[in-house]
Amino acid sequence: QVQLVESGGGLVQPGGSLSLSCVASGGIFSINAMGWYRQAPGRRRELVAAIANDGSTSYVPSVKGRFTISRDNAKTRAYLQMNNLKPEDTAVYYCNRAPTSPHDYWGQGTQVTVSS
């Protein structure tokens with residue numbers, strides 16, 4: 001059974017940093033690229049960063065240069081280092097495989113709020 005537990009969110013001022021962590025279990029981690037997604041109020045969930053098993057990464061333009069995704073295959077953990085945060089980064093952040101399928105399980109996510 002797949003389980004995904006995200007943590008590390010919080011309230012931060014613009015320009016600040018946060019580090020998100022995701023623990024994955026149930027076999028999802030070892031065979032998949034992993035991604036960090038976010039969903040802001042009234043908006044669709046979007047993939048913002050992904051990392052393949054070989055460590056290659058990709059980012060949406062809005063976070064490139066500010067966010068860094070990484071993974072620890074031995075610990076089945078994924079991380080998202082977020083620097084120079086902006087108010088538009090405010091959202092609930094989730095991790096999951098990348099890409100996902102319609103019936104994939106999602107964790108509860110972690111709330112990131114960027115506000116002065």
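Both Cys 22 and Cys 95 are buried. Buried means under 20% relative accessible area, exposed means over 50%, and partly exposed lies in between (1.4 Å probe, protein chains only). The two residues form a disulfide, with their sulfur atoms 1.7 Å apart. A disulfide is counted here as a pair of cysteine sulfur atoms within 2.5 Å. In general, a disulfide is a covalent bond between the sulfur atoms of two cysteines. The structure holds one disulfide. The link of Cys 22 and Cys 95 is right-handed, with 45° about the S-S bond. Cys 22 lies in strand S3 (residues 18-25) and Cys 95 in strand S9, so the pair ties together parts that are 73 residues apart in sequence. Strands (E, at least two residues) and helices (H or I, at least four) are DSSP runs, numbered from the N terminus.

The model is predicted: local features need pLDDT of at least 70, side-chain atom pairs count only at pLDDT 80 or more, and totals for chains, interfaces and linings use all residues. Residues are numbered from 1 along each chain as its sequence is written, and side-chain values use heavy atoms, with hydrogens and water left out.

Aromatic contacts were examined next. The structure holds two aromatic pairs. Rings of Phe, Tyr and Trp (its six-membered ring) pair if their centres lie within 6.5 Å; planes under 30 degrees apart count as stacked, over 60 as edge-to-face and the rest as tilted. The rings of Tyr 37 and Trp 106 have centres 5.0 Å apart and planes at 85°, so this pair is edge-to-face. Tyr 37 lies in strand S4 (residues 34-39), and Trp 106 in the loop between S9 and strand S10 (110-114). The pair therefore ties together parts that are 69 residues apart in sequence. Tyr 37 counts as buried, at 6% relative accessibility. Tyr 94 and Trp 106 also form an edge-to-face pair, 5.8 Å centre to centre with 85° between the planes. Tyr 94 is in strand S9, and 12 residues separate the partners. Tyr 94 is buried, with a relative accessible area of 11%. Tyr 37, Tyr 94 and Trp 106 form one aromatic cluster.

A search of the whole structure finds four salt bridges. A salt bridge is a side-chain nitrogen of Lys or Arg within 4 Å of a carboxyl oxygen of Asp or Glu. One of them joins Arg 38 and Glu 46 (2.8 Å, N to O). Arg 38 counts as buried at 8% relative accessibility, whereas Glu 46 counts as partly exposed at 31%. Arg 66 forms a salt bridge with Asp 89, the closest N and O atoms being 2.7 Å apart. This pair links distant parts of the chain, 23 residues apart. Arg 66 is in the loop between strand S6 (57-59) and strand S7 (67-72). Asp 89 is in the loop between strand S8 (77-82) and strand S9 (91-97). Both Arg 66 and Asp 89 are buried. Arg 38, Glu 46, Arg 66 and Asp 89 are linked in a network of salt bridges. Asp 104 forms a salt bridge with Arg 97, at 2.8 Å between the closest N and O atoms.
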